[in-house]
Amino acid sequence: MKKDRVFEKLTMGVCYYPEHWDESLWDSDLRRMKEAGIELVRVAEFAWNKFEPEEGVFTFDFFDRFLETVERHGLRVILGTPTATPPAWASHNYPEILNADIRGIPYRHGARRHYNYNSPKYRALTQEIVTQLARHYGRHPAVAGWQIDNELNCELNEFYSESDTAAFRVFLRKKYGSLDELNRAWGTVFWNQTYTSWEQVFVPRYTANNSTNPHEVLDYYRFISESACSYAKLQSDILRAEISPDQFITTNGMFRNLDNHRLTRESLDIYTYDSYPDFAFQLTEDPLHSDSLNDRKWSRNLTETRSVCPHFGIMEQQSGSPGWNTRMEAPAPKPGQMTLWTMQSVAHGADYISYFRWRTSTIGTEIYWHGILDYCGKNNRRLAEVRQVTQKFDAIRDIAGAEYQASFAVLKDYDNQWDTQTDKWLTRVDKASEKGWFNASQLTHTPMDYLYLRDDTALEELLRYPLLVYPHAAILTESRAALLRSYVEAGGRLVFGCRTGYKAVTGQCVMDPMPGLAREICGAEVEDFTFVGPADDPVHIVWDGTPLDAAVFNDVLEPLDGAEVLGTFDSNYYAGKPGLIRKKLGKGEAYYFGAAFTQQAAAEFLRRFGLAEAFSDWLDAPSGCELALRKKGGKRWLFVLNYGSQATEITVKHPLRELFSGETQTGAVTVAKYGVSVFLLPEVEK
C-alpha cells in the first residue's frame, strides 16, 4: 500500500558510509549526528560486497552491528539497495551484465552504474540481493525506509548492450505488432533503411557522420525509460511484499531519458532529488555571466522535482565543495550558503533534507567531494551551520505537507522532451524558452510550476492555473489538443510559442498547415518560418508599442476567422507581418507567439496578464531575492531568499512575524548576504 505522505514534520538526515570507516568511529559519529539534529541516515547504496562477498554467500553481520549502534543513539536509517555498483565478481563472471557505448564496446568494472537494466542475469542477481535484504531488514525497527538503487540513469542514460537490443526488439514488437508498422512509424523508406526481419533491428548504433533516424531514436528514448521503470519496479515489488508497512520506498534523481512521473507512480512512496547548487560555480562555468542566476537556477530543478512529487525529499543536499579526482572542481560553499540552499529546497516543497555527506571520503574517486566534516573529522563551520539549520527547522517544522503556491504553469510532456533531444532545431528554441520563462518567473517574483501532460491528465489539474504556457509543443496529439481547448473554453489563458503542432507522435512532420492541431485553438496559421540569423538579429514583435524579443526562430503568421492580430514583426523580410495572434474561445483565450521566449518577452506576458510581483501586497524585494509561498490549511509561509554576496533590503508592508528571529517586522528589513527570512502571513480560510 503506497503512502499518501511520508514525513509529518520537517526532517533532517545525512548520508553515511560505515564501510569507509573504522568501527571505532561509529559511536562518536552517530552521537554527533544526533546532537546536530539529524534523525535519518542514508546507508548501503554502494555496499553490495558487504552483503554478498561471493555469489550466493550472504552475510549481514557488518550492517547488523551498525544498525545496533544506530538504534542505541536513537536514529534510524534509509537502506539503499546496492545495485548501482555490481561487485567485481559479478562483472567478471557475467560480462553480459555490462552496459556498452554506441560502438558496442563494454564499460569495464572500476566506476559505477556500468550495468544494464535489461540483462536477464543482472535482473536475477538484483532480485536475489534485494530479496535477501528485504527479508533480513524488512521488519528491522531501525529501518525507516528504502532507497532503490542510486540515481537511475545518472552518468549513463543510453544503453547499447546486446541485452538492450534483444529487449528493444521485444519493446517494438509489443508497440507496433509488425515490421510493416515499424517501418511506417520510422519512415525507413528514407535512405533505404527498410527492415525485412526483426534480427535487422538494433538499438541505435554508430553510423557514418553519426547521423540518426530521429523516429528510431525517439522510440529508443521511450525504451530506455521503460527499461529503467521496469528495473525499479522489479525492486519495489520485492520490497512491497517483504517490508513492514511503516517503511517507505524512494529513489533519488532526476536524470534524462526517464519518465520520473511513471517511476514514482509505479514504485515509490516519495521521490527524492539530489540538489547541488554549487555546480553553478564549477571552475568550468562562467559564474559572473549576468543572466545565469548561478545557484538560483537550482530552483528550476526543484520546480521540476515538485511536478513529480509535490511533497518530495532531498536525498543529497550540498554541504561541501563538490568534485571527483577527474572533474567537477568547485569552491567550497561560503558561510550561509548551505543554509540558503537548504531553505531553497524547503521553499519549493522539500519536507526531508539529507546532507551529502557526513565525513569527506579519504579514498576513491570522490576524495574531493566534501561533506559536513573534513578528512580529520573535527568540528568545523559546516557542522556549526547544520546545527543552526536545525534551530531554523524547529521554527518551521510543521510546514511539512504545505503546498507550493504557483501563479502559472509551464506545460511539458515526455514525448516532446525526448523528441527535442533528437532535434537540433527544437533544442535551440526549447533551451532559450525554458531559460526565458524561468528567469522571468524568478526576476518578476511570479512563482511557477511545471505541469506534465499525461494520457490521464484531468481538466481540473489545468484549471488550477489562470495561465498555461506550452512553449514549443512540436508533437501535439488529438487528446491533448482537446484537453487544451477545454481548458481555454472553461476560462483559461493559454500561450503557445513557435514550432508548435507540426509533428506526429512518431516525430514525423505532418502535412497539415502549421501549427497543426493547435491551429483552431489559437486562430493562427503559419505562413512562413525561419531561424533568426546573425545578420537578422535583433527581431522584435511589437505589441501595443512595446517591442518583444522575437528570438531564435520566427513563425510568420496569418490570423484565421475570429482571431485578432496583437503584434507584428518590426524587421527582416517579414516586417509588418503578424507575429502575435489571440483568439477568444469560450470563456478564455489562446495566444500564438511566433518566436522563442526570452526573459524580456516572458516577463512582458506576465506583467500584461497581471501575474508579476505576486507578493506585492505583503512586501517588495529586489530581483536578487527569490520569493516563495507554501500553504497548508489556513497557514502560509512566505520565504525570502537572498542569493547575493551582499546584504539587501526588503520592504515589509504590514507587520509580519519573521519565524527565524521570532520578531514582528515591518518597513525596511535587512536580509543578510546568503540570508533567508520566513514570514508567517495572516491565516486564511482553508
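Student: What is the mean pLDDT of the protein?

Tutor: This is a predicted model, in which local features need pLDDT of at least 70, side-chain atom pairs count only at pLDDT 80 or more, and totals for chains, interfaces and linings use all residues. Residues are numbered from 1 along each chain as its sequence is written, and side-chain values use heavy atoms, without hydrogens and water. The predictor's confidence in each residue, pLDDT, runs from 0 to 100. In this protein 99% of the residues reach 70 or more, and the mean pLDDT is 97.

Student: Is Arg582 buried or exposed?

Tutor: Buried means under 20% relative accessible area and exposed over 50%, with partly exposed in between (1.4 Å probe, protein chains only). Because its relative accessibility is 17%, Arg582 counts as buried.

Student: With which side chain does the side chain of Arg582 make a polar contact?

Tutor: A polar contact is a pair of N or O atoms within 3.5 Å; within protein, one must be able to donate a hydrogen and the other to accept it, and residues adjacent in sequence count only if both atoms are side-chain atoms. At 2.6 Å, the partner of the Arg582 side chain is that of Glu564.

Student: Which are the edge strands of the nine-stranded open sheet?

Tutor: Strands are DSSP runs (E, at least two residues), numbered from the N terminus, and two of them pair if DSSP finds at least two bridges between them. The order is β12-β11-β13-β14-β21-β20-β19-β16-β17, with mixed pairing. Each edge strand pairs on one side only: these are β12 (448-452) and β17 (546-549).

Note on methods
Helix = DSSP H or I, 4+ residues; strand = E, 2+ residues; numbered from the N terminus.
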